[in-house]
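Have a look at the fold, then read on.

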Amino acid sequence: MADLTSPQPLGVRLRETWAAMRLAAFVLVLALTPSTYRDPAVRAALARQIALGTGPLLAWFTVLVAVGSLVLIRIVVVTAASYGLNRYALDMVVRVLVLELIPLIAALAVAVRITLPAGVVLASAQGLADRDALRRHGHDPLAAEGVPHVVAGVFAVVALAAVSCAVALVLAYLVAHGFTPAALDAYTRKVGQVFTPALSLVFVLKTLALSLTVSLVPVVSALRAASQPGSGTLAEVGSLVRMFLLILLIEIGSLMVNYA
């Protein structure tokens, strides 16, 4: 069993990091290659992962985000009104809630509910048995097991972020203006002023980067752990550390680009 208390030499860590990056790049290339999806096993696994992952998560996540957004929007609107800053309230809500918080929360929810448990399964004895069965039937285990988990994770983050951002924008309008279409033009114009082309590009790239991080890191760590017996617990801890470190770097980079 691996000793979790003994630090690894720097050279070993660098070699392992390089190997993980190469495997992640290979899985990503497979996911972006159209010929990968000609295999019926890949298509079936992808459909199953999307249905079992995104479907149950989307409903309750949207409800939780709606409740949290309603509370946060109400606090911001009331606080801004008390200081005579009503015209800045919606701008702050859109920037903080839609641009920053919702993509991050969506990525963390997908990591906890979908990709991290999937990584545990891939690294388990059952995952090894499934890959052996795929090899016997002439399928590529990496394409049939790794790619569906990664693509399903990316799809889940994007779907959750898109639906939740739309719900948050609708709630922001209702809290600020009520059930009237009179202020719809002004509200649309204000949201458009926030979502400039540069900010929109950063928002899309940030969401994609977060989705790739929470999808690739657990899967790659699990696949590498499966080839190194006795490293299961260490691999899971390392996967969590790397994933949260990358998420932190993405958030810092996004904030620097948006507000520097």
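First, the ground rules. This is a predicted model, so to speak of local features we need pLDDT of at least 70, and side-chain atom pairs count only at pLDDT 80 or more, while totals for chains, interfaces and linings use all residues. Residues are numbered from 1 along each chain as its sequence is written, and side-chain values use heavy atoms, with hydrogens and water left out.

**Overall layout**

The protein has eight helices and zero strands; helices (H or I, at least four residues) and strands (E, at least two) are DSSP runs, numbered from the N terminus. Read from the N terminus, the order is α-α-α-α-α-α-α-α. Of the 260 residues, 42% are buried, where buried means under 20% relative accessible area, exposed means over 50%, and partly exposed is in between (1.4 Å probe, protein chains only). Take the contacts (heavy atoms within 4.5 Å) between residues at least 6 apart in sequence: 82% of them join residues at least 24 apart.

**The cores**

Which residues touch the most other members of the largest nonpolar core? They are Ile73, Val110, Val214 and Met243, in a core of 44 residues. A nonpolar core here is a set of buried Ala, Val, Leu, Ile, Met, Phe, Trp, Tyr and Cys residues joined through side-chain atoms within 4.5 Å. H2, H3 (86–123), H5, H6, H7 (197–226) and H8 each put in at least two residues of this core, and H3 gives the largest share, with 15 residues. Another core, of 19 residues, lies apart from it, with Ala31, Leu122, Ala144 and Leu223 among its members.

Back to Val214: not counting residues up to four places away in sequence, this residue touches Ala107, Val110, Ala111, Thr115, Val157, Met243 and Ile247.

**Ala45 across the chain**

Ala45 sits in helix H2 (residues 40–82) and is buried, at 5% relative accessible area. Beyond its neighbours within four places in sequence, Ala45 is in contact with Ala144 and Pro148. Ala45 and Pro148 are 103 residues apart along the chain, yet their C-alpha atoms are separated by 6.0 Å.

**Ring pairs**

There are three aromatic pairs in the structure. Rings of Phe, Tyr and Trp (its six-membered ring) pair if their centres lie within 6.5 Å; planes under 30 degrees apart count as stacked, over 60 as edge-to-face and the rest as tilted. Two of the pairs are tabulated here.

| Pair | Centre to centre | Angle between planes | Type |
|---|---|---|---|
| Trp60 and Phe61 | 6.5 Å | 75 degrees | edge-to-face |
| Tyr173 and Tyr187 | 5.2 Å | 65 degrees | edge-to-face |

**A nonpolar patch outside**

Leu245, Leu246, Leu248, Leu249, Ile252 and Met256 make a nonpolar surface patch with about 560 Å² of accessible area together. Met256, in helix H8 (residues 232–259), is exposed, with a relative accessible area of 53%.

Conventions:
Patches are made of residues with over 30% relative accessible area and no salt bridge: like charges are joined within 9 Å, nonpolar side chains (Val, Leu, Ile, Met, Phe, Trp, Tyr) within 5 Å. Accessible areas come from the Shrake-Rupley method with a 1.4 Å probe; for residues, only the protein chains shown count as cover. A salt bridge is a side-chain nitrogen of Lys or Arg within 4 Å of a carboxyl oxygen of Asp or Glu.
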